[in-house]
Amino acid sequence: MSEPLLEVRNLKTYFPVTKGFFKRTVGHVRAVDGVSFTINRGETLALVGESGCGKTTVGKTLLRLVEATEGEVFYKGKDVLKMKGPELLEARKKLQIIFQDPASSLDPRMFVKDIIGQGIRSFGLATNKADLERQVREVLEKVELGPDAMHRYPHEFSGGQRQRICIARALAVNPDFIVCDEATSALDVSVQASILNLLNQLQDDLGLTYLFITHDLSVVEYLADRVAVMYLGQIVDESDSKELFSNPKHPYTKALLESAPSMHVDHRELKALGGEIPSPMAPPPGCRFHTRCEQRKDGCDQGVIDFRDVPGGRCRCILFP
């Protein structure tokens with residue numbers, strides 16, 4: 001078994017809600033509310049769930065693009081949330097992100113060579129201008145873009161090509177770990193496949209580790225080794241990818257699978273996931289999904305529901321002993 005690269009313990013990220021002229025805090029949005037997981041070196045953990053469940057906030061908090069309220073994020077045994085100065089700078093080099101929308105995450109006024117070279121310059125990875133351009137050319141080749149791309153602007157490329165530029169920007173500083181935040185959701189289906197193939201190939205070639213944040217379960221089936229299902233700020237289900245799709249445990253996971261197309265489902269009529277998501281300012285007690293769950297029973301709305309060990313992973317549900 002490979003060694004853990006990233007370990008997240010009881011991560012919480014709350015956003016204050018203010019009111020009035022003096023901006024008095026009247027509550028908090030519990031975007032991430034006690035999330036824990038481990039990602040082993042060289043594997044892909046998919047974090048899935050409906051929009052607004054907090055999965056993107058998890059990714060940004062790991063990289064300290066958003067500051068955590070509480071918890072620990074261990075990278076190679078050291079807590080990223082407590083790092084400062086040179087130690088934090090080194091961690092930022094090794095922990096990178098690919099954003100959802102390539103068009104808005106690339107500066108339209110910069111040449112591609114400057115966009116990709118920005119990280120190389122910032123971290124002092126090039127000895128001179130010629131070395132910088134050599135590194136940019138090499139990373140463009142890794143994402144299957146030619147050297148002629150260096151002297152063009154982002155608007156001159158297609159959506160899939162722009163996402164390859166975003167991937168190249170992340171790769172330019174030689175990271176270990178990359179957060180892929182809905183990295184294919186803004187692309188056409190045919191283009192998605194080519195980007196997923198590229199990410200797979202890069203992982204094999206460079207030994208990368210991914211946290212893949214998505215709502216698209218068909219993407220998860222193709223790419224992920226393990227899957228963590230998130231609902232209303234908490235992980236409710238976590239298991240091996242094959243186990244999750246063949247034998248889902250948590251009622252929310254089952255509802256997600258029944259409401260989404262899947263390559264392993266034989267002509268099944270899709271069901272809509274009904275009910276309204278409760279407010280993250282005041283999540284319901286007990287299992288947070290019980291207000292929408294068709295399998296709820298006495299005890300689902302009481303206390304704190306802890307994880308139960310199940311075949312292939314763990315599940316936060318009282319239906320399991």
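The points below describe the fold, the sheets, the cores and a few individual residues of a predicted model.

1. Basis of the values. In this predicted model, local features need pLDDT of at least 70 and side-chain atom pairs count only at pLDDT 80 or more, whereas totals for chains, interfaces and linings use all residues. Residues are numbered from 1 along each chain as its sequence is written, and side-chain values use heavy atoms, with hydrogens and water left out.

2. Overall build. The secondary structure of the chain comes to ten helices and twelve strands, where helices (H or I, at least four residues) and strands (E, at least two) are DSSP runs numbered from the N terminus. The radius of gyration, taken over C-alpha atoms, is 21 Å, close to the 20 Å that the globule rule (2.2 Å times the number of residues to the power 0.38) gives for 321 residues, so the chain is as compact as a globular protein of that length. Along its principal axes the C-alpha trace spans about 70 × 55 × 45 Å.

3. Surface and contacts. The accessible surface of the chain, from the Shrake-Rupley method with a 1.4 Å probe, comes to about 15600 Å², and 50% of this belongs to carbon and sulfur atoms. Buried residues (under 20% relative accessible area, with exposed meaning over 50% and partly exposed in between, for a 1.4 Å probe and protein chains only) make up 50% of the 321 residues. Of the contacts (heavy atoms within 4.5 Å) with a separation of 6 or more, 64% are between residues 24 or more positions apart.

4. Four strands form an open sheet in the order 2-1-4-5, with antiparallel pairing; two strands pair if DSSP finds at least two bridges between them. Strand 2 (24-40) and strand 5 (78-79) stand at the edges with a single partner strand each, so one side of each is left without a neighbour in the sheet. Strand 4 (residues 70-75) is joined to strand 5 by two bridges, and Phe74 stands opposite Asp79 in strand 5.

5. Helix 1 against this sheet. Helix 1 lies across strand 1 (4-19), strand 2 and strand 4, and runs at about 115° to strand 1; the axes are lines fitted to C-alpha atoms, for helices over the stretch in contact, and angles run from 0 to 180 degrees between N-to-C directions. Helix 1 (residues 55-62) is mostly covered, with six of its eight residues buried, namely Lys55, Thr57, Val58, Gly59, Thr61 and Leu62.

6. Strand 8 and its parallel partners. Five bridges join strand 8 to strand 3 (residues 44-48) in a parallel arrangement, with Leu45 opposite Leu211. Another parallel pairing, also of five bridges, links strand 7 to strand 8, and here Phe177 stands opposite Thr209. Six of the six residues of strand 8 are buried: Thr209, Leu211 and Ile213 point one way, while Tyr210, Phe212 and Thr214 point the other way.

7. Nonpolar cores. A nonpolar core is a set of buried Ala, Val, Leu, Ile, Met, Phe, Trp, Tyr and Cys residues joined through side-chain atoms within 4.5 Å; the largest here has 37 residues, and those with the most contacts inside it are Ile98, Ile116, Leu140, Ile167, Leu171 and Ile178. At least two residues of this core come from each of helix 4 (112-122), helix 5 (129-142), helix 6 (159-171), strand 7 (177-181), helix 7 (189-206), strand 8 (209-214) and helix 8 (217-223), and helix 6 gives the most, with six residues. Apart from this core lies another, of 30 residues, among them Leu62, Leu81, Ala91 and Ala228.

8. Ser241. This residue lies in helix 9 (residues 241-246) and is buried, with a relative accessible area of 6%. Leaving aside its neighbours within four places in sequence, Ser241 is in contact with Val220, Glu221, Ala224, Asp225, Arg226 and Val227.

9. Positive phi values. Asn10 has a positive phi of about 50°; it is found in strand 1 and, at 34% relative accessibility, counts as partly exposed. Lys76, in the loop between strand 4 and strand 5, has a phi near 55°. Arg64, which follows helix 1, has a positive phi near 65°.
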